[in-house]
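Here is a short briefing to read with the model open beside you. Take it topic by topic, and turn the view as you go.

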Amino acid sequence: MKVTPPETDDELFVRLRRGEESAFVALYRRRQGAIYRFVLHMSRSPEVAEDVTQEVFVALLRDACGYDPDRGTLSGYLFGIARKLLLRQIERGRVDVPLESDSEDAAIPELAVAGNALEDLTHREGIEALRRAIGTLPRRYREVVVLCDLEEVDYADAAGVLGCPIGTVRSRLHRARALLLDKLLNHERHPRPPVSALNPIRCLT
Amino acid sequence: MNCQEFRESIAEAGANADLLQHSGECEACAAVLADHARLCAGLRTLAADLRRAEAPKRLELGLVAAFRSQHRLARRAGRPQWWIPALSWAAAACVLTVAALFLLRPHQPLPAHRGTPRAVESASIADAPDPYTAEGDDGFIALPNARGLDPNDEVNIVRVEVPRSAMLEAGLAVSEDRVSELVEADVVLGPDGLARAIRFVDEPMM
């Protein structure tokens, strides 16, 4: 039995341009998750992630969407739009996370796990610690971790999305991983007390 | 491979043979490699965990609606408007028909004005002399050898000054010593511009 390979993004894009709804739906279903998650990681806001994802695909529907297959992949193009829209949201103040923080030694926000977070990365608590540690990375490092490690975007595409050379992507990723290790090991050395050990003075909720 | 090269290549290459060999010889680098491997495993687990996170379904519904709306408009705009060329052809056919009718009508050249009359009067056929009589009630005398007029012919009457000798040609008597004098006359011009009849103004018919 002959198995037909799935259509490439570019083939779907061509059909989309011809007005075929099935191509748009297929392309959307294939790419929306990664775009949504990228924005969610960067903004930590489901509302912003939803808005940006919507705007990305609305931009794709426009006649003059500007996608050029010779300049990169469609996936990279979508991530690039998402990143620009996200930066716009930050400028408007819709994203209150300090994305532009250059501090590389921000502490991990309160974790549900105490102790060896790195050793615990096979458990849910350890994974949650890692997720939070990623959230504390400065934006330029968080971007590469989210793109390359979590969404498995290749370095060339990531370079296109971020508008920098591939070498910069590699060095940022290297630095980002080192920072993550440092944060997780530091957490291991200076664990926060479990929430149950704290004596609440006043309930603010 | 030394420790510096080990640390530089670990992020890129992962656990390859060279790295493993060096880590077997260097305890510190072995620990770094182990930490790195755990981190990468954790990132893969996190990626797999997060892969379930997707945009809400309502987003797809809204976008598909937007897609349909946009392409409906585009199709409407791009649809050939059959009535535009049809209307153009109909208009062109009307113009051609009118032009053909005009060209196929009997030729009716505009009257040529002979001489340069001081005053030109236009007159309908009602004012023209009876073409079937040599002299009408209005004093017009049909010129000899002139073609007769059809009742539907449009004529022009022009007032001109002519030598009194012209009265001779119309069959009127003229005193010989006054032959060279000029007299006023109304001349009937047919549709071809040729004179058909003449009436001498203020001259008694003899």
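The notes below go through the helices, the cores, the contact between the chains, the strands and a few backbone details.

This is a predicted model. Chain B contains 6 helices and 5 strands, while the largest nonpolar core has 57 residues. Where the two chains touch, chain A contributes 30 residues and chain B contributes 29 residues.

- Begin with helix α1 (residues 9-17) of chain A and helix α2 (residues 21-43) of chain A, whose axes come within 7 Å and cross at roughly 140 degrees.
- The crossing of α1(A) with α2(A) is left-handed.
- On the α1(A) side, the contact is made by Asp9(A), Leu12(A), Phe13(A), Arg15(A) and Leu16(A), and on the α2(A) side by Ala23(A), Phe24(A), Ala26(A) and Leu27(A).
- Sorted by class, this contact of α1(A) with α2(A) has 7 nonpolar residues, 2 charged ones and no polar ones.

**The nonpolar cores**

- Val39(A), Ala82(A) and Val145(A) have the most contacts inside the largest nonpolar core, a set of 57 residues.
- α2(A) gives the most to this core, with 10 residues.
- Leaving aside residues up to four places away in sequence, Val39(A) touches Val48(A), Ala49(A), Val52(A), Thr53(A), Ala82(A) and Leu86(A).
- There is also a second, separate core of 17 residues, which includes Phe140(B), Met167(B), Ala197(B) and Ile198(B).

**Where chain A meets chain B**

- The contact draws on 30 residues of chain A and 29 residues of chain B.
- On the side of chain A that touches chain B, at least two residues each come from α2, α3, α5 (124-136), α6 and α8 of chain A.
- α2(A) provides the largest share of that side, 9 residues.
- By class, the side of chain A that touches chain B has 16 nonpolar, 7 polar and 7 charged residues.

**Chain B and its strands**

- Reading chain B from the N terminus, the elements run α-α-α-α-α-β-β-β-α-β-β.
- Of the 206 residues in chain B, 18% are buried.
- Among the contacts in chain B with a separation of 6 or more, 55% are between residues 24 or more positions apart.
- Strand β5 (residues 195-200) of chain B is mostly covered, with 5 of its 6 residues buried.
- β5(B) runs antiparallel to strand β2 (residues 141-142) of chain B, and 2 bridges join them; here Ala142(B) stands opposite Ala197(B).
- β5(B) also runs antiparallel to strand β4 (residues 182-189) of chain B, and 5 bridges join this pair; Val187(B) has Ile198(B) as its bridge partner.

**Loops and positive phi values in chain A**

- Arg44(A) is not a glycine, yet has a positive phi of about 60 degrees; Arg44(A) lies in the loop between α2 and α3 (46-61) of chain A.
- Is Arg44(A) buried or partly exposed? Arg44(A) counts as partly exposed because there are 14 C-beta neighbours inside 10 Å.
- Glu152(A), another residue other than glycine, has a positive phi near 55 degrees; look for Glu152(A) in the loop between α6 (139-150) and α7 (155-162) of chain A.
- With 11 C-beta neighbours inside 10 Å, Glu152(A) counts as exposed, since the cut-off for that label is 12 or fewer.

- The buried residues of α7(A) are Asp157(A), Ala158(A), Ala159(A), Gly160(A) and Val161(A).
- Just after α7(A) comes Gly163(A), with a positive phi of about 70 degrees.
- Arg170(A) sits in helix α8 (residues 166-189) of chain A, and its 17 C-beta neighbours inside 10 Å make Arg170(A) partly exposed.
- Arg170(A) and Ala159(A) are 11 residues apart in sequence, and their C-alpha atoms are 9.3 Å apart in space.

Methods:
Residues are numbered from 1 along each chain as its sequence is written. Chains are lettered from A and ligands numbered from 1 in the order in which they are written. This is a predicted model: local features need pLDDT of at least 70, side-chain atom pairs count only at pLDDT 80 or more; totals for chains, interfaces and linings use all residues. Axes are lines fitted to C-alpha atoms, for helices over the stretch in contact, and angles run from 0 to 180 degrees between N-to-C directions. Helices (H or I, at least four residues) and strands (E, at least two) are DSSP runs, numbered from the N terminus. A crossing is left-handed if the near helix is turned anticlockwise from the far one by less than a right angle, and right-handed if clockwise. Two residues are in contact if their C-beta atoms, placed from the backbone, lie within 7 Å. Ala, Val, Leu, Ile, Met, Phe, Trp, Tyr, Cys and Pro count as nonpolar, Asp, Glu, Lys and Arg as charged, and the others, Gly among them, as polar. A residue is buried if 20 or more other C-beta atoms lie within 10 Å of its own, exposed if 12 or fewer, and partly exposed in between; C-beta atoms are placed from the backbone. Two strands pair if DSSP finds at least two bridges between them. A nonpolar core is a set of buried Ala, Val, Leu, Ile, Met, Phe, Trp, Tyr and Cys residues joined through C-beta atoms within 7 Å.
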